[in-house]
Amino acid sequence: MTHAAARRTALAAQGFAAARPATPPTRRTLLRVLEHTRLLQLDSVSAVVRAHYAPVFSRIGAYDRALLDEMAWADTARRPRQLIEYWAHEAALLPVEDWPLMRWRMAKYRHGRWNGMRQVLERNPGLADDVLGVVKEFGPSTAGEIERHLELDRPRAKDNWGWNFSDTKVVCEALFAAGELTVPKRVGFQRHYDRTENVIPATVLSREVDEADAVRELVRRAATAHGVGTETDLRDYYRLHRSQTEPAIADLLDAGELERVTVAGWDKPAYRHASARTPRTVRGAALLCPFDPLIFFRDRTERLFDFHYRIEIYTPEHKRVHGYYVFPFLLDGELVARVDLRAERGTGRLLAPGVFAEPGHATARVANALAGALREMADWLELETVELGEKGDLATLLRREIA
């Protein structure tokens, strides 16, 4: 495959070659997006909009975010829950029916997901049972509510990212990782925990999938979401291990579901899914949040688009190159620019302190398309104005277009 063909294949697999809906998006529309992405990464940063909302907008345009909330955190007889949280590509929303494919990971995490968590469990040997007891008696609860029911004032442990969690919160997270608790709802993005059997449908909960079969299915889903990708691409999508993905890829090759291909300029073999399509062109514009599935594996982003991208949230401000929360800009199948964005809801402004073109793309065409994309995002977020800063080589052209 040529490099350009591989890029168009990847874009089509992620849903960027499909026409945007002509009517207001429905739950069915959002499910079609999930057929392409298979998951939506969750993140606490809300500089513009929570990370799981943005990839849907990038693919179909403005939609009612309450639709996605209902799919993930509401459950009625008429409209059953369709998404569930778990550790997939980091914390993510994934289809409820995919939950059994993570049982092997839950077993791996039964004594804690990281060392600090294991230490908390060891020094509080009865706390997990206490937490489960509270949830059983009182129903879905936050860690703080559970702590108050237990009348605890537990020490707090900081991890490397600076989170300041109480032991009760850590134990709640440990039980979530082990599959004993899950998240039926969020309020203000705060997790409410409940016993998994109260949330996952019995038909799904009863499914047992051994690790080899589950990993093969996850690799199949990753391959569908990639269109074409290397072993490391397929491995990263669900954060698998090479020892898991290589046998799964071999099985899928034997079954004819994958085919080995070479991509011009790639130094590793690639695998194309049998159902992948390669459109002649990919048209349209989209702003991509830092956690969009198209770009969240940075090595692949650089390989596909010749676009070096690193998130700078944790970089001291004076050392940032492009900004705090930077959205790459996709135009007609290429990443042509990047925009540092901030939604200032109190004043109704979408702020772009810095706007940077990729080499050769500081053009009126790019500025015009980006102005339209920013206006579309502002309207979706119910912000009145788009305001630009001075940073970046595209700022002057973009200011003219917006004016």
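The model is predicted: local features need pLDDT of at least 70, side-chain atom pairs count only at pLDDT 80 or more, and totals for chains, interfaces and linings use all residues. Residues are numbered from 1 along each chain as its sequence is written, and side-chain values use heavy atoms, without hydrogens or water.

**Stop 1**

Select strand 1 (40-41), strand 2 (83-88) and strand 3 (residues 90-95). They form an open, antiparallel sheet in the order 1-3-2. Strands are DSSP runs of E, at least two residues; helices are runs of H or I, at least four. Two strands pair if DSSP finds at least two bridges between them. Strand 1 and strand 2 are the edges. Two bridges join strand 1 to strand 3. Show Leu40: its bridge partner in strand 3 is Leu93.

Contact means heavy atoms within 4.5 Å.

**Stop 2: the helix pair**

Select helix 8 (residues 143-150) and helix 9 (residues 167-177). They pack at an angle of about 120°, with axes 9 Å apart. Axes are lines fitted to C-alpha atoms, for helices over the stretch in contact, and angles between N-to-C directions run from 0 to 180 degrees. Show side chains: Ala143, Ile146 and Glu147 of helix 8 meet Thr168, Lys169 and Cys172 of helix 9.

**Stop 3: the loop**

Pick Thr262, in the loop between strand 9 (258-261) and strand 10 (270-273). Ala18 lies 244 residues from Thr262 in sequence and 26 Å from it in space, C-alpha to C-alpha.
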